[in-house]
There are 2 protein chains.
Amino acid sequence: MTHTHPQPASTDIEARLAHAENRCREHGSRLTPIRRQVLGLLLKHGHGVKAYQLVDEMKSLHASTTPPTVYRALEFLQAEGLVHRLDMSNAFVACSAQDDAHGHVHHGLLLACPRCNAVAEVPDEQMSHALAAWVHQAGYRLEGESIEIKALCPACQKIASATA
Amino acid sequence: MTHTHPQPASTDIEARLAHAENRCREHGSRLTPIRRQVLGLLLKHGHGVKAYQLVDEMKSLHASTTPPTVYRALEFLQAEGLVHRLDMSNAFVACSAQDDAHGHVHHGLLLACPRCNAVAEVPDEQMSHALAAWVHQAGYRLEGESIEIKALCPACQKIASATA
DNA sequence: GCAATTTATGCAACACTATATCATTGCAAT
DNA sequence: ATTGCAATGATATAGTGTTGCATAAATTGC
């Protein structure tokens with residue numbers, strides 16, 4: 001058997017989908033079947049997945065799926081703060097931290113593994129604030145809801161050192 | 001006239017190209033004409049530039065330029081630590097900090113503006129080390145030579161607030 | 001209800017980003 | 001000269017993301 005990463009139980013997924021649906025309603029938007037299915041796939045995977053893989057998987061659930069179908073759903077889910085885009089690998093991942101539905105942006109820190117696309121969303125107000133202050137100090141102004149840090153996850157470190 | 005960003009004087013560019021050439025020689029590699037021209041274009045722009053724009057510009061200097069020509073040069077320049085790839089915008093930028101030719105990796109912090117592709121490479125051992133320690137603490141291991149932080153540069157902040 | 005409006009989806013074509021593959025050239029070291 | 005190697009030339013193709021417009025579904029206002 002090939003190495004796998006943990007996947008959430010399907011009951012958890014259902015709970016989180018329901019939570020997402022409520023959240024959208026509160027925002028005056030709709031978690032339509034397509035959007036829900038895309039989010040469901042991302043939750044099932046539990047790590048970063050490429051758009052065209054989602055297209056393929058969606059075709060099973062929804063025969064008429066084409067790239068725009070998926071990209072539009074992803075755009076919506078990102079706007080709702082339910083999904084992150086991983087710039088380093090052109091992948092998408094479901095937000096792990098179910099954000100408190102406040103309007104203000106968080107600038108959380110994302111540890112993203114370039115090898116397996118695992119993503120750890122580590123909540124650390126201390127570090128986040130320090131970094132935000134540092135950016136501001138430099139005359140820049142943080143943009144986007146999170147900062148993506150490229151780093152090998154524990155599992156991939158083991159594999160890398162075994163291979164080396 | 002449209003808004004512009006500062007460009008380094010061509011004398012500076014020549015000096016930095018010469019510096020880059022020495023550095024390559026020390027590493028046992030060669031800064032060939034093509035590689036030198038690509039680096040020169042990046043230095044001239046002074047901010048992130050897309051690969052296909054470089055292809056177009058290179059065609060003027062070197063008629064037989066095709067995408068692989070440029071991507072190979074960029075790959076080399078990245079390996080030499082002379083160029084960064086900006087994941088957030090699929091762009092490439094010349095390293096501003098002429099790195100001390102040590103072997104060890106730096107994990108510097110890059111402030112990259114998503115609007116104009118300006119990049120500030122802010123050297124701050126304090127912050128870099130704090131972040132590196134934090135990543136290690138989380139069980140991850142930094143990968144890549146820098147951390148890319150998406151943030152509006154001062155100029156684009158003004159434009160954004162004027163537009164708003 | 002029902003029309004009007006907005007929002008979401010279907011579908012085709014296209015644009016942009018990057019890599020694979022194989023042939024060729026130039027130069028250096030047997 | 002021949003082999004070995006690094007770099008380049010050239011073509012094709014893979015991978016990623018968008019635009020535009022037509023249709024359908026949901027929401028709003030009456």
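**One arginine and its surroundings**

Mentor: A:Arg85 counts as buried, because 20 C-beta neighbours lie inside 10 Å. The cut-offs are simple: a residue is buried with 20 or more other C-beta atoms within 10 Å of its own, exposed with 12 or fewer, and partly exposed in between, with C-beta atoms placed from the backbone. This is a predicted model, in which local features need pLDDT of at least 70, side-chain atom pairs count only at pLDDT 80 or more, and totals for chains, interfaces and linings use all residues. Residues are numbered from 1 along each chain as its sequence is written, while chains are lettered from A and ligands numbered from 1 in the order in which they are written.

A:Arg85 sits in strand β2 of chain A, residues 83–86. Helices here are DSSP runs of H or I with at least four residues, strands are runs of E with at least two, and both are numbered from the N terminus. Leave aside the neighbours within four places in sequence, and A:Arg85 is in contact with A:Gln78 and A:Phe92. Contact means that two C-beta atoms, placed from the backbone, lie within 7 Å. A:Thr66 is 19 residues away along the chain, and its C-alpha atom is separated from that of A:Arg85 by 19 Å.

A:Arg16 is in helix α1 of chain A, residues 10–26. With 19 other C-beta atoms within 10 Å, A:Arg16 is partly exposed. A:Leu39 is 23 residues away in sequence, yet the C-alpha atoms of A:Arg16 and A:Leu39 are 9.6 Å apart.

Now the whole chain. Chain A has six helices and seven strands. Their order from the N terminus is α-α-β-α-α-β-β-β-β-α-β-β-α. The C-alpha trace spans about 50 × 45 × 30 Å along its principal axes. Buried residues make up 34% of the 164. Of the contacts in chain A between residues at least 6 apart in sequence, 64% join residues at least 24 apart.

Next, the DNA. DNA strand D is surrounded by 19 residues, and the closest are A:Pro68, A:Asn90, B:Thr32, B:Ile34 and B:Ser64. A residue is near a molecule or strand if its C-beta atom, placed from the backbone, lies within 6 Å of it. α4(B) gives the most to this surface, with four residues. By class, the surface near DNA strand D has nine nonpolar, six polar and four charged residues. Nonpolar covers Ala, Val, Leu, Ile, Met, Phe, Trp, Tyr, Cys and Pro; charged covers Asp, Glu, Lys and Arg; the others, Gly among them, are polar.

DNA strand C has 18 residues around it, the closest being A:Thr32, A:Ile34, A:Ser64, A:Pro68 and B:Asn90. Here α4(A) gives the most, with four residues. The classes are eight nonpolar, six polar and four charged.

B:Asn90 deserves a stop. It lies in the loop between β2 (83–86) and β3 (91–94) of chain B. Phi of B:Asn90 is near 50°, a positive value in a residue other than glycine. Most residues other than glycine have a negative phi. B:Asn90 is partly exposed, with 13 other C-beta atoms within 10 Å.

Back to α4(B), and its packing. α2(B) and α4(B) pack at about 80°, with their axes 9 Å apart. That makes the two helices roughly perpendicular. Axes are lines fitted to C-alpha atoms, for helices over the stretch in contact, and angles run from 0 to 180 degrees between N-to-C directions. Under 35 degrees is roughly parallel, over 145 roughly antiparallel, 65 to 115 roughly perpendicular, and the rest oblique. α2(B) brings B:Ile34, B:Arg35, B:Val38 and B:Leu39 to the contact, and α4(B) brings B:Thr69, B:Val70, B:Ala73, B:Leu74, B:Phe76 and B:Leu77. These residues divide into eight nonpolar, one polar and one charged.

Last, the join between the protein chains. The contact takes 25 residues from chain B and 25 residues from chain A. On the chain B side, β7(B) has the largest share, five residues. That side divides into 18 nonpolar, three polar and four charged residues.
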